[in-house]
Amino acid sequence: MKLSFRFACILTSFLFGHPIVFSQTSTTISSVTRVTVSGQVSDGNEALAGASLYFPDLRIGARSDSAGNYIIRNIPRGRWLLEVSYLGHASVVESVDLNGNVQRNFTLRISHAENEAVTVTGVSSATSVRRTPIPVNILKREDFLHGSSTNLIDALSKTPGISQLSTGPAISKPFIRGLGYNRVVVVNDGVRQEGQQWGDEHGIEIDEYNVGKAEILKGPASLMYGSDALAGVVHFISVLPATEGTIKGNLFGTYQSNNQQRGTHLDLSGNKNGFIWGLNGSLKAAEDYKNKYDGKVYNSDFSEKNAGGYVGLNKSWGFTHLLLTYFDQEPGLVEGDRDAVTGDLLKTANGIPRQSVRHFKAALDNSFKIGADRLSILLAWQRNGRQEFGNAADPSEKSLYFDLKTLNYNLQYHFAELSDWKTTIGINGMQQGSRNRGIEVLIPEYDGFDIGAFVYTQKRIGQINLSGGVRFDNRLLNFDSFKKNYSNFSGSAGLSYEASSQLTLKLNVARGFRAPSVPELASNGAHEGTNRFEYGERNLKSETSLQVDAGLELSTEHISASAAVFYNHMNNFIYYRKLASENGGDSIIMDGAEQYFGFRFDQQNASLYGAEFNIDIHPHPLDWLHIENSFSWVRGILSSAVDGSKNLPSIPSARMINQLRADFGRKGKAVKNLYLNLELETNFKQNNPFTAFDTETATAGYSLLNAGFGGDLVRKGKTLFSIYAAANNITDVAYQNHLSRLKYTSVNTSTGRSGVYNMGRNFSLKVNIPFEFSL
């Protein structure tokens with residue numbers, strides 16, 4: 001009966017996936033209920049202390065000790081994907097059969113480029129990035145530490161195909177290949193983040209300092225995440241449990257010169273006999289930033305405090321984890337008003353307008369072994385409170401107050417691998433309720449319920465890895481006596497072909513779906529943070545997309561390269577545009593004493609296409625030297641012109657990044673993992689803005705010179721502390737990014753320049769002190 005049920009599930013799917021090949025031999029010592037894996041990690045000549053071994057599907061792992069030895073206990077029986085990694089060495093990614101205690105040694109070869117990693121985003125179980133047909137970029141903690149950023153999305157924005165819509169240093173929204181807002185799903189430790197992401201000035205409520213890894217999936221991901229994942233998914237992973245029998249932690253501090261941004265962070269975690277726990281907290285604050293055209297940009301200051309923790313059990317039957325996070329941010333909102341004579345920016349009274357954003361989340365993440373199969377159940381509750389203060393005479397008056405409560409659920413049944421098939425069926429969705437508690441109303445109070453069912457399967461046939469599935473979604477929205485269901489099918493089908501050990505070819509076709517959001521359907525009011533009076537449109541239809549991705553990845557001893565091209569056709573693309581007055585020009589709406597531009601949501605078909613390239617050359621014998629170049633470009637057009645313009649709004653300019661980087665001293669006795677880098681970031685002119693009703697204007701190109709250096713101070717094989725220094729915009733270029741919302745503030749009458757410019761020269765310093773001891 002069970003076997004026939006598996007075959008029924010397989011037959012309902014239309015494409016297939018892969019297992020990861022088990023490439024090293026193992027010795028089963030005994031047949032036991034609790035499985036233990038132990039061994040040593042080396043480079044073939046000497047032991048590697050501090051190597052990471054991690055089973056992503058089991059949320060369990062370890063680090064090797066000073067002799068390179070490791071042990072991982074309380075592992076459920078079965079076939080599990082294991083990732084073994086160490087800085088400066090090629091990672092090993094394997095599926096391991098565990099039917100009893102296993103002794104396993106790993107040898108990691110020295111490598112000057114990372115060519116293997118594991119993703120848990122957009123797939124039903126952990127999968128090698130190389131063998132997934134969907135484009136995925138991985139950023140590890142080291143990548144965050146080496147760079148300089150003012151917020152979490154800013155830290156991602158140099159990834160090819162990724163950009164940010166910003167409202168000053170504190171607030172950024174992710175855009176993937178020209179699409180953002182509700183078309184990008186943000187996930188934190190498996191939970192879909194819900195925090196009024198439809199707003200221009202609504203950022204991401206996740207602690208930047210606590211993120212250990214980010215996975216960016218580029219392309220429709222509705223198959224696994226339902227409505228809204230048309231552009232892709234950004235998944236931040238924070239919970240990485242300590243090694244069995246240890247307590248570990250980090251004390252982190254940072255400072256940036258331009259806006260005096262300072263931050264501190266402390267995290268602790270422990271693991272004893274499978275009982276895991278963790279605590280973390282962060283503080284961040286900044287003053288107004290500066291640039292050479294505007295001087296000090298008033299009201300761009302912000303403060304932030306965050307806390308979180310988790311507790312759980314990892315046993316032979318699976319795991320259960322309880323996660324708690326709290327995010328509290330108070331950012332100012334830059335209006336950009338100027339003195340009519342001098343053109344200088346005016347200081348706002350009482351720091352108004354500004355926001356107060358609080359986000360609380362509790363999640364229960366479970367995985368249970370059921371025979372050879374596995375059942376995962378994730379339940380989460382979130383409350384997002386977003387307040388906007390716009391009355392300088394009464395700074396405590398809440399002009400807007402959105403109170404959003406969300407219950408997320410995700411149930412997945414993972415069938416044991418059968419004849420190289422890996423199949424999962426699942427149901428996930430959310431229930432939401434939003435209430436208005438401010439004196440003004442921009443969107444009505446509403447309730448919503450999402451549910452979606454899917455089947456996802458993978459198969460490996462020789463060198464070909466196939467994957468895909470189908471899904472049906474339904475979203476119910478209820479507001480202002482308006483009740484409507486939006487439903488649709490979505491799916492994905494793709495393959496990756498390992499032409500050789502060095503070359504992989506990929507192809508994927510995916511159909512996405514997004515129901516209109518309540519703001520798009522029912523906005524009717526002034527939005528203080530955007531200087532817009534917004535009108536919704538209740539007759540909007542669901543967006544659907546069909547995207548084709550093709551790419552290749554090459555990894556040789558001295559060259560690493562990747563290339564990707566895509567085409568995305570969207571039906572019923574929703575966008576907002578300025579309203580024209582009867583007499584021509586902009587429609588001006590008076591709301592009390594305030595004046596706003598009128599905007600309304602509209603829709604029509606659209607197409608997006610583009611390309612991303614990256615090449616990293618580390619020439620022999622200078623293997624420590626990296627000459628890395630990346631380029632990304634996207635073009636978006638509407639099917640018919642609007643007020644003479646066919647260009648899509650919010651399309652980033654083409655970008656090229658050229659970097660020279662030196663990595664050396666991997667095994668130094670006193671100082672190791674030294675790096676130096678020099679980078680030129682070029683953003684080309686955006687000549688294709690959405691000019692209808694003066695919604696957007698062209699943006700000039702610019703180049704930024706950046707640099708950085710750092711390393712670890714070591715004593716007796718242990719890292720005492722690490723230091724990371726960076727300089728951004730060294731030549732203090734005055735520039736405006738095309739996706740900066742401050743570009744459209746007031747004109748400087750003394751110079752004729754429009755809007756506020758981005759941050760000028762900025763130096764940053766980070767220090768991290770790791771610690772670990774045995775229980």
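Author: A residue is called buried when its relative accessible area is under 20%, exposed when it is over 50%, and partly exposed in between, with a 1.4 Å probe and protein chains only. The model is predicted, so local features need pLDDT of at least 70 and side-chain atom pairs count only at pLDDT 80 or more, while totals for chains, interfaces and linings use all residues. Numbering starts from 1 along each chain as its sequence is written, and side-chain values use heavy atoms, with hydrogens and water left out.

Reader: Are D228 and R192 buried or exposed?

Author: Both D228 and R192 are buried.

Reader: What makes D228 and R192 a salt bridge?

Author: The rule asks for a side-chain nitrogen of Lys or Arg within 4 Å of a carboxyl oxygen of Asp or Glu. For D228 and R192 the N to O distance is 2.6 Å, so the pair meets the rule. D228 lies in the loop between α4 (222-225) and β18 (232-237) and R192 in strand β16, so the contact ties together parts 36 residues apart in sequence. Such elements are DSSP runs numbered from the N terminus, helices being H or I of at least four residues and strands E of at least two.

Reader: How many salt bridges does this rule give?

Author: The count comes to 36.

Reader: Which residue forms a salt bridge with E498?

Author: R460 does, with the closest N and O atoms 2.7 Å apart. E498 is in β32 and R460 in β30 (residues 446-461), so parts 38 residues apart in sequence are tied together. E498 and R460 are both buried.

Reader: Why does R514 count as buried?

Author: R514 has 1% relative accessibility and therefore counts as buried. E520, its partner in a salt bridge at 3.0 Å, counts as buried at 10%. Elsewhere, salt bridges with shared partners link R192, E194, D228, D450 and R475 into one network.

Reader: How do you know that R655 has no salt bridge?

Author: The nearest side chain of opposite charge, E681, is 4.8 Å away from R655; Lys and Arg count as positive, Asp and Glu as negative, and His and the chain ends are not counted.

Reader: What makes β32 and β33 a pair?

Author: Two strands pair if DSSP finds at least two bridges between them. β32 (residues 482-498) and β33 (residues 503-514) are joined by eight bridges and run antiparallel, so they pair. A hairpin of four residues connects them, and E498 stands opposite T504 in β33. β33 also pairs with β36 (residues 543-555), antiparallel, over 12 bridges; there L503 has L554 as its bridge partner.

Reader: What lines the largest cavity?

Author: A cavity is a set of points, on a 1 Å grid over the protein atoms alone, where a 1.4 Å probe fits but cannot get out, and lining residues have an atom within 4 Å of a point. The largest cavity holds about 320 Å³, the volume being the space filled by probe spheres set on points joined across faces, edges and corners. Its lining has 24 residues, of which Y181, R183, E520, Y576 and F601 lie nearest the centre. β37 gives the largest share, four residues.

Key:
On a 1 Å grid over the protein atoms alone, a cavity is a set of points where a 1.4 Å probe fits but cannot get out, and a pocket is an open set with protein on both sides within 12 Å along at least five of seven lines; lining residues have an atom within 4 Å of a point.
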